[in-house]
Amino acid sequence: MSRWVDGHQARKRFGQNFLSDARIVARIVRLIAPKPGENLVEIGPGLGAMTEPLLAATDHLTVIELDRDLVERLKERFSDAPGLTIYSADALKFDFSSLTEDGPLRVVGNLPYNISTPLLLHLFRFVDAIQDMHFMLQKELVQRMCATPGNKQWGRLSVIVQYFAEPTLMMTVPASAFRPQPKVESAIVRLRPHAKRYPVDVRNLEKVTAAAFGQRRKTIRNSLSNLFDEAQLKALGFDPTVRAEQLSLSDFVKLADALAR
C-alpha cells in the first residue's frame, strides 16, 4: 500500500495516518463544537483536514506539529489565515502552560498510536488549565480508558485517566476513513477534567497501579507485596485475596495515599 498522501510520504516513525473522510471530519467538529473566543489547540494537524473547519469556527487556533515538512505545508496552505499559530515542536515536550493566557485550553487531535499514552500523561500535568480534550485514538485504547472495575479492560490506564478526567467514547471511526489505512479501528474520546480531585501524589498512584496490574492474575496480597504486607492491607480495609481488576478508582487512590505515609 502506498504511503504517499497528497504528495506527502506518511512516516511510520511518526505514526502518520491522515484523516481523509470529510463526513467523519464534519462529525468530529460537531462533537467538539468550537466557538469564537475559545482557546483551541490542535495536536498533530497533519495535512490540515481538521484544522480548516476548526479555524473557521473560532477566532484563533494553535497547532503543534512535529513533522517539519508538514509544518511548511501548513504554513503554505494557511498563509492567509491570521488566526492560526503554528508551533514546530514535539507535543511530548511542549509546555502547554505557555498557551493559557487566553483562557482554559480545549485540546483536540488525531494522536499517533505509538505516543498516545505518554502524550496523555504529559497533558495531565497541565490538566488544571484544560477545559476538555477530544482525541482520535485506537478504539481498544479508548475502551480501556473508559472501562469500569470488574471489567478485563480495567487497568492502569483506566485508573490514571479517570483520576484526572471523565472519559467518554463519543464515536467510532473505521480504518477506511484514513490514508494510509491503519490495521485497527479508531474512536473519538472526550476527556473532561474533574473540577476537584482527592489530593494524592500521582507518582504513588502510578507505582501502585503498575504493581497491581503488572501481575493482575495474582491477588493483591502478592502483587502489592513489595508495597504493603497483608496486615497493612487489612488495616486499610482491603481483602488481600482480591485481584487488581476488582479494585475501584477510590481504592487505588486510598492505597496511593497510604503509600505516602
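This is a predicted model: local features need pLDDT of at least 70, side-chain atom pairs count only at pLDDT 80 or more; totals for chains, interfaces and linings use all residues.
Let me begin with the aromatic rings: there are six aromatic pairs in this structure, where rings of Phe, Tyr and Trp (its six-membered ring) pair if their centres lie within 6.5 Å. One of them joins Tyr163 and Phe164, with 5.1 Å from centre to centre and 80° between the planes, so the pair is edge-to-face (planes over 60 degrees apart count as edge-to-face, under 30 as stacked, the rest as tilted).

Residues are numbered from 1 along each chain as its sequence is written, and side-chain values use heavy atoms, with hydrogens and water left out.

Are Tyr163 and Phe164 buried or exposed? Tyr163 is buried because its relative accessibility is 6%, and Phe164 is buried as well, at 7%. Buried means under 20% relative accessible area, exposed over 50%, partly exposed in between, with a 1.4 Å probe and protein chains only.

Elsewhere, Tyr87, Phe94, Phe96 and Phe126 form one aromatic cluster.

Now the helices, which are DSSP runs of H or I, at least four residues, numbered from the N terminus. Helix H6, residues 156-164, packs against helix H10, residues 249-259, at about 90°, with the axes 10 Å apart. The axes are lines fitted to C-alpha atoms over the stretch in contact, and angles run from 0 to 180 degrees between N-to-C directions. H6 is therefore roughly perpendicular to H10, a term for 65 to 115 degrees. Val159, Gln162 and Tyr163 in H6 meet Leu249, Phe252 and Val253 in H10, contact meaning heavy atoms within 4.5 Å.

Key. Helices (H or I, at least four residues) and strands (E, at least two) are DSSP runs, numbered from the N terminus. Angles under 35 degrees count as roughly parallel, over 145 as roughly antiparallel, 65 to 115 as roughly perpendicular and the rest as oblique.
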